[in-house]
Amino acid sequence: MSAASHRAGVRKAQALQQQRLRLGDSVFRAIVAGSAAIVLLAFVATAFFLVRKSWPALSHYGVLSFVGSSRWTPSTAVATTAHPNPYGVLQFVYGTVLTSVIAMLLAVPVAVGLALYITDVAPPRLRKPLAYVVDLFAAVPSVVYGFWGIFALLPVLHPIADHLTSWLGGIPVVGKVFAGPFFGPSYFAAGIVLAIMVLPIVTAICREVFAVAPVAEKEAALALGATRWEMLRISVLKRSTAGIFGASLLGLGRAFGETIAVTMLIGNSVLAITTSIFGQGATMPSVIANEFTEATEPFHLQSLFVVGTLLLLITLVINVLGKLVVSRISETIA
Amino acid sequence: MATSTDTLGGSSPLAPMLRRRHRRDRGMTWLLSGLMIAIGALLVWILAYVALKGVKAVNWGFLTDTPPGDPAAAGGGFYNGIIGTFEIVGMAVLISVPLGIGCAIYLNQYATGRSAAVLRLVTDVMLGIPTIVTGAFVYALWVIEFGFSGFAGALALALVMVPLIVRATEEMLRLVPRDIREASLALGVTQSRTIMSVLLPTARAGIITGIMLAVARAMGETAPLLLTALGNDLFVETNPGHRMSTLSLQIFGSATGGFVNAQNRAWAGALVLIALVLLLTILARLIARSSAVRR
Amino acid sequence: MILRKTLLAAGALVALLASASVGSARPTTAAASGAAAPVQCSTKLMTLRPHYPDPVKPLAGAASSLSGAGSTLAQPVINMWAKAYSSKGTNVAYQGIGSGGGVSQISAQTVDFGDSDVPMTDAQLAAAKGGPVLHIPLVLGAVAMAYNVKGIKSGLNFDGETIGKMFTGQITKWNDPAIKALNPKANLPDETIAVVHRSDGSGTTGVFTDYLTKTSPSWTSKLGTPGSQGTVVAWPTGIGAKGSDGVTGLIGQTEGSFGYVELQYALAGHLTYGNVKNKKGTFITPCPATSTAAAQKTSFPADMRASLTWKGAALAYPITATTFALVYQNQTDAGKAKAMVNFLTWALTTGQNFPATINYAPMGKILQQRALGQVNKIMLDGKPLVKIPISFEG
């Protein structure tokens, strides 16, 4: 075998190996691109299947008739007539919004306080462990929150609710909101457990937002004689309002979709809008959890898919908004 | 600084205002510390309540027996749910981990411009999809055709886990220093080899942490399983084509009834579930601390 | 081994429940108004264990698992059967998701059999994906009116119109004159009534509203026709809970509550419950004996779809239910079909000894024979699977 042919052979082998490597490279690329495509497809399919499954009901009753009524009475559904639509969903939207608003009113101030404490006030050595402690709230499963809520929280809420009713029940408009009696399962109870459940996510985002407040500015404030609280107010809180808003939106998105704990605590009344926070109601997720596997009436299951589609739509909008706000903040500051 | 303002304030006409400002500062510090303590106490209340209720009912039989046929009867356990939880979550891991890591690699290494932006937005948005909606999707996609099954439950949980894994992995890949990657490529190593033998190992700890947190999340899920795995209250079922129970489903089923014995089993189940989830969460943190690349 | 354990547990439970029902129901019945006959529930447990002979040998080649879902009213009994039956090689996985769920899941063919306390409607039968559906009665149960009122024990008297008014929100306090009139001796408190109902599609609801529709003009005029009756109705008031166990839990935790739930749930959940006036004007205590009385003189049509509420027998409890297994007549999977026939035959014969131990009523001989006749109709690819000899005399 001559040297020349040997060299040629080596070159050929190298070329072959190169080819194989390049082939391996493109196969690898195809695999990871494929998995990305599957993820993308899963998302598209979720939206597609929900809309497709809800379409028969939507076209039978008309889109607007669902949000035009607050009575959900599957037993009166008749397959042949479209009017009136027995599947009004307004009370579910109301229940979802009301419980989430109660949750955010309680959770956001607490989360902001906790985030401030953890980022700027606590002894530096404790900051990380304290952040973990708040994160641990997220590790408790929803079903356990519901269970704990029924047995530990409701008895504690009972006297509080009774006091609220007796203090505020007489005032004209406010009185309606706090009208008794408090039986236990209610918007109020569900809202409080939701507040605990969204606390870790809102706190975590607030921490991130506060952490990007420029150090130079904080030090400047202190150098000018500001107290620590004044410094926090001026150089951290003031410039973080948009970030706190974004964090609240992301927390709200979470609260809107929460299912099991709320189902266990809201009282599952599907019929009307109750003005009192001590009344019973239902949320969009809770009605799906309750009725999905047992929908028997005409267009019942399809109407539950309508509720699911609406829930998906609302949470998507809120989450995208929240994401935009939060990411813009961190971009402009950083 | 504090001392200097104090000495200044002693003679200045502004002294009352300064004192007020400092009182306020101290007040806020106390308030925030108090808030932190209260929230810590709340966490202790929740965990201790579940632990105390659960400890009374948890025993060897709870881990090795199935529930009695009559929910009001004492004894029995959630063995079937424990098996179900591990099997369903295990299947979900097998589906979601390759998919999530693959997607993250594509996002981090190949996707450019618009496609990257779209993919990132989609995974972010998927994080926000209520899990009950995911359950409804899997019902429409799978259950209507093939019936309720453990596999359908795993599909739903995988969909819950994928965006979490994509996000954690991508974040970790982004943290790998460019130099390492470029050095590898400059040595003539192909891109796929670079990713597999340089990038992923460097980011490994962080990725494992992300996966473990996703597993912890999936273990606690109930809502999507209600529409997919449905439950199998009495029997141990290991065939993924059949209906299966999980700890979360059994807790949900036993918790709200008026049967003290069933509730006791549910408390024991809640304790076991929380212990599993906390264990995973804490382990994940420990692994993250030992990571080569860190946030 | 497992079977023996179950039976032991069941035995212990029987003793417990027997003492509980004797201890609480009877004295207060007398105290409340004296209208209820003390002999109503005195039938001995032994006579409620019929020992029907098992007529056929189990078919060979049965599948090792069956998937069923539906009524929570029947769940305790079916689960008790399932535990005992698993030693015969088939695990019957039953999930109590509500009768509505039983109907919709069998229609969608996502389970092997459904279970409902109310028969499927013609429209539902027409919509079933797998062809004709058989209704096979399994056991009888009583829907108890349970309450949680301070200082009041079991044995308050109710009638249809009063219950109807409570459930429409027209009676809101426990010391309402209408309730007082039925219970002159009871010391009823000035407490708000917290109505508790099912939030899911429920056969218990179906049976209960069927009874209200027959007896309460207030109820029917408030809800209209056909809305006054069904597995899901438009509750004018109240708190909803998922499943019979959910209702039991909610009543137990809520002061002033009033709701309907199968007797076994009420007893096992230590709830207090009342007597209900029947067609003959007697206040009847719910128990296996008074349920059996309701079924005694009911004539069932060929497809077995009948209601057991508001029957004329002297000791009939007016809110009695029968639960139906819903099975496709034409089976396509040999293993599943055989397992189904084996399990149902066993439940209708040997299995009938179980119900009374947990406060359900076994079916009388006539109904049992009719039910076995339904099992005979199950076919595999168009051919009958078993021929159980049936005697219709009784």
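# A look around chains A, B and C

Let's start inside chain A: A:Leu199 sits in helix H7 (residues 187-211) of that chain; helices here are DSSP runs of H or I with at least four residues, strands are runs of E with at least two, and both are numbered from the N terminus. Residues are numbered from 1 along each chain as its sequence is written, while chains are lettered from A and ligands numbered from 1 in the order in which they are written. Keep in mind that this is a predicted model, where local features need pLDDT of at least 70, side-chain atom pairs count only at pLDDT 80 or more, and totals for chains, interfaces and linings use all residues.

## Chain A

Back to A:Leu199, which counts as buried because it has 24 C-beta neighbours inside 10 Å. The cut-offs are these: a residue with 20 or more other C-beta atoms within 10 Å of its own is buried, one with 12 or fewer is exposed, and anything in between is partly exposed, with C-beta atoms placed from the backbone. Leaving out residues up to four places away in sequence, A:Leu199 touches A:Ala107, A:Val110, A:Ala111, A:Val134 and A:Phe137; a contact here is two C-beta atoms, placed from the backbone, within 7 Å. A:Pro185 is 14 residues from A:Leu199 in sequence, and their C-alpha atoms are 21 Å apart in space.

How many helices and strands does chain A have? It has 13 helices and zero strands. Its radius of gyration is 27 Å, well over the 20 Å that the globule rule gives for 334 residues, so chain A is more spread out than a compact globule. That radius is taken over C-alpha atoms, and the rule is 2.2 Å times the number of residues to the power 0.38. Along the principal axes, the C-alpha atoms of chain A fill a box of roughly 105 × 75 × 35 Å. Of its 334 residues, 53% are buried. Take the contacts in chain A between residues at least 6 apart in sequence, and 76% of them join residues at least 24 apart.

Two loops of chain A have backbone details to check. The peptide bond from A:Gly180 to A:Pro181 is cis, with omega near -5°, and A:Pro181 belongs to the loop between helix H6 (172-177) and H7. A:Phe299 is not a glycine, yet has a positive phi of about 65°. This Phe is in the loop between helix H12 (284-291) and helix H13 (300-333) of chain A, and A:Phe299 counts as buried, with 24 C-beta neighbours inside 10 Å.

## Where the chains meet

The contact between chains B and A takes 67 residues from chain B and 66 residues from chain A. On the chain B side, helix H2 (residues 15-57) gives the largest share, 16 residues. That side divides into 44 nonpolar, 18 polar and five charged residues. For these classes, Ala, Val, Leu, Ile, Met, Phe, Trp, Tyr, Cys and Pro are nonpolar, Asp, Glu, Lys and Arg are charged, and the others, Gly among them, are polar.

Chain A also meets chain C, with 20 residues from chain A and 27 residues from chain C. Here the chain A side has six nonpolar, eleven polar and three charged residues. For the complex, the predictor gives an ipTM of 0.93 and a pTM of 0.87.

## Strands in chain C

In strand E3 (residues 113-116) of chain C, C:Phe113 and C:Asp115 point one way, C:Gly114 and C:Ser116 point the other way, and all are buried. Some of the pairings in chain C are listed below; two strands pair if DSSP finds at least two bridges between them.

| Strands (chain C) | Sense | Bridges |
|---|---|---|
| E1 (residues 65-70) and E3 | parallel | three |
| E3 and E12 (residues 320-328) | antiparallel | three |
| E10 (residues 275-277) and E11 | antiparallel | two |
| E14 (residues 379-380) and E15 | antiparallel | two |

Across these pairs, C:Ala69 stands opposite C:Gly114 in E3(C), and C:Ser116 stands opposite C:Phe324 in E12(C).

An open sheet of three strands runs E5-E10-E11 in chain C, with mixed pairing. Strands E5 (157-158) and E11 (283-284) of chain C stand at the edges with a single partner strand each, so one side of each is left without a neighbour in the sheet.

## Confidence in chain C

Where pLDDT is low, the predicted coordinates should not be read in detail.
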